[in-house]
Amino acid sequence: MTTHIVIAGGGIAGLSTAYALQKQAEAAGLPLRLTLVEADNRLGGKIATRRRDGFVIEGGPDSFITQKPEAAALCRELGLGDQLIGTNEAARRVLIVQHRRLLEMPEGLRLVVPTRFWPFVVSPLISWPGKLRMGLDLFIPPRRDDGDESLADFLRRRLGQEALDKLGEPMMAGIHVADAERLSLLATFPRFRKIEQEHGSLVRGMLAAQRKAPPLKNGKRPSIFMTLRDGLDGLVAALERAFHGEVLLGTQLTQLQRRPGGAAPFDLRCDDGRALLADAVILATPARDSTRLLAPWPDLATALAPIRYLSTATLSLAFSRAAFEHPLDGSGFVIPRKERRTMLACTWTSTKFAGRAPADGVLLRAFIGGPDGEAAALADEADLVAAIREELAELMGVRAAPLFHELFRWPHANPQYDVGHLQRVDRIEQMAAEALPGLFLTGSAYRGVGIPDCVAQGQRAAEKALEYVVRDT
Ligand SMILES: Cc1cc2nc3c(=O)[nH]c(=O)nc-3n(C[C@H](O)[C@H](O)[C@H](O)COP(=O)(O)OP(=O)(O)OC[C@H]3O[C@@H](n4cnc5c(N)ncnc54)[C@H](O)[C@@H]3O)c2cc1C
């Protein structure tokens, strides 16, 4: 009988797993039956693109980081190379809200670390005592052990409280929609610990990294982020086209059991009553869904359960350019939590990426939710639109009425990598291997939330599953 592998969850992690399994099995000449089960009526999970009146609106991710190459490589492999675009040169400027004003990040700031003296010195963003405290980074001895700590503890230790509040929290914890006091440094920014250990100082380490950076191409810095010209759902569509296995849409996996001995030891049930027998199973579902499915293995379910989720929402607002009052000369702004706003950040989407709005249009995207924003992310739509418009008026002077808006809500959807996360994941993987050989967990709950991380994790899960079926079935 042909070996059967079931993948549950058709987000980018599950899709990458399914595609990699197919590719690796074909390369090895191994006949494999693959089934992808997705609860929703569409594939893509958090990748969700809407098109309306010439605007391209991303509801979830709008781009991916290029430092991790897996997403761009997958796009190229799937024939989307000519669709890949970076951020507009004009949009490299990022602003930050301070006391109701938009201030520019000092030039040369790498996340939180100043690498150019003068722009940092003259910037009004950080007070003089705050700047001096940041300078102490050059003298504070590094932590030598490999223990985890929160991003907040790390930044406070190296750069001081003000740098944490004004830069680290909105720029770094903000990427993870997380509370810096709980966010694991090792699971999210391991490079910072490495820099500390290798150079004894973040500033010295960043300067050294800059000196080693490859030369500029045509005098331009390579873009830190990339996206697809016609929207990120192009990657989902390309994976869907390339995958020849069975795809069960609108089908939720509700039960997982293991039959004693023999072939196809996994007995799976779906909400439509369908039964699937499988030799291996990959759960590319959020950890809270996987926890429910793994309830018959209480130790494993208990180890998974503490992976918390927070809610977010994105509100995109489309405007007519003629009525728009702001020059939009940057990629947008972030807002420190201490400013107590409904918005966490606002992307000036039509400046940041080409092709997101028609020539006479402007597109903005407000990001809502996170550690203090659960209620805001789930608030009544009209109230939310009114609150965001008020903040845009106050911060940017935008009083024009939008042509339309698109709201995407992501309730309990952002996994939180609390301190000790990587140890927890190691333990979960070990427990799964012992209790349920042939079962693999993958996706944004574990080893990185970004699209490149999810692609890489899917590819690794495929490798492990294939190795398992070749060896053990
Ligand atoms: C608003 C927002 C903005 C973001 N911005 C960025 C960004 O700019 N760049 C970036 O790199 N990342 C970004 N991210 C993170 C990134 O989008 C996600 O981490 C990633 O897409 C998650 O992929 P996944 O496959 O792990 O999970 P998901 O996309 O959540 O997919 C899991 C799938 O499993 C399905 N499922 C659940 N239970 C079952 C079941 N029992 N049976 C069958 N199917 C089931 C779900 O329906 C879902 O489709 C953002 C996330 C959000 C929410």
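Mentor: Start with one rule: a residue is buried if 20 or more other C-beta atoms lie within 10 Å of its own, exposed if 12 or fewer, and partly exposed in between, with C-beta atoms placed from the backbone. Helices (H or I, at least four residues) and strands (E, at least two) are DSSP runs, numbered from the N terminus. This is a predicted model, where local features need pLDDT of at least 70, side-chain atom pairs count only at pLDDT 80 or more, and totals for chains, interfaces and linings use all residues. Residues are numbered from 1 along each chain as its sequence is written.

Our strand is β20. It covers residues 361–369 and is mostly covered: 8 of its 9 residues are buried. Look at its partners next. Two strands pair if DSSP finds at least two bridges between them. β17 and β20 run antiparallel and are joined by 9 bridges. Find A313, which stands opposite I368 of β20. Strand β19, residues 343–347, also pairs with β20; here there are 4 bridges, again in the antiparallel sense. On that side, C346 stands opposite A366 in β20.

Stay with C346 for a moment. This residue sits in strand β19. C346 counts as buried because it has 27 C-beta neighbours inside 10 Å. Contact has its own cut-off: the C-beta atoms of two residues, placed from the backbone, lie within 7 Å. Leaving aside neighbours within four places in sequence, C346 is in contact with G332, F333, L364, R365 and A366. C346 and F367 are 21 residues apart along the chain, yet 6.0 Å separates their C-alpha atoms.

Go back to I368. Not counting residues up to four places away in sequence, I368 touches T312, A313, L315, T342, M343, L344, G373, A376, A377 and L384. I368 also belongs to a core. A nonpolar core is a set of buried Ala, Val, Leu, Ile, Met, Phe, Trp, Tyr and Cys residues joined through C-beta atoms within 7 Å. The largest one has 69 residues, and L151, M343 and I368 touch the most other members. This core lies between domain 2 (111–212) and domain 3 (309–415), because both give residues to it. Apart from it lies another core, of 65 residues, including F64, V281, I428 and L441.

F64 takes us to another sheet. This sheet is open, with 3 strands in the order β5-β11-β6 and antiparallel pairing. Its edge strands are β5 (64–65) and β6 (84–86), each pairing on one side only. β5 and strand β11 (residues 225–228) run antiparallel, joined by 2 bridges. F64 stands opposite M226 in β11.

Now step back to the domains. Their bounds come from an automatic or database domain assignment. That assignment gives domain 1 (3–45 + 234–307 + 417–472), domain 2 (111–212) and domain 3 (309–415). The centres of domain 1 and domain 2, taken over C-alpha atoms, are 36 Å apart. Their contact takes 7 residues from domain 1 and 10 residues from domain 2. For residue classes, Ala, Val, Leu, Ile, Met, Phe, Trp, Tyr, Cys and Pro count as nonpolar, Asp, Glu, Lys and Arg as charged, and the others, Gly among them, as polar. The side of domain 1 that touches domain 2 has 4 nonpolar, 2 polar and 1 charged.

A residue is near a molecule or strand if its C-beta atom, placed from the backbone, lies within 6 Å of it. There are 36 residues around the ligand, and G9, G11, G45, P61 and G443 come nearest. Two or more residues of this shell come from each of α1 (12–28), β17 (309–320), β21 (404–415) and α17 (451–472). By class, the shell divides into 16 nonpolar, 15 polar and 5 charged. Domain 1 and domain 3 each supply at least three residues to the shell.

One last stop lies by β17. L328 sits in the loop between β17 and β18 (332–334). L328 counts as buried because it has 20 C-beta neighbours inside 10 Å. Its phi is near 50 degrees, a positive value in a residue other than glycine. Most residues other than glycine have a negative phi.
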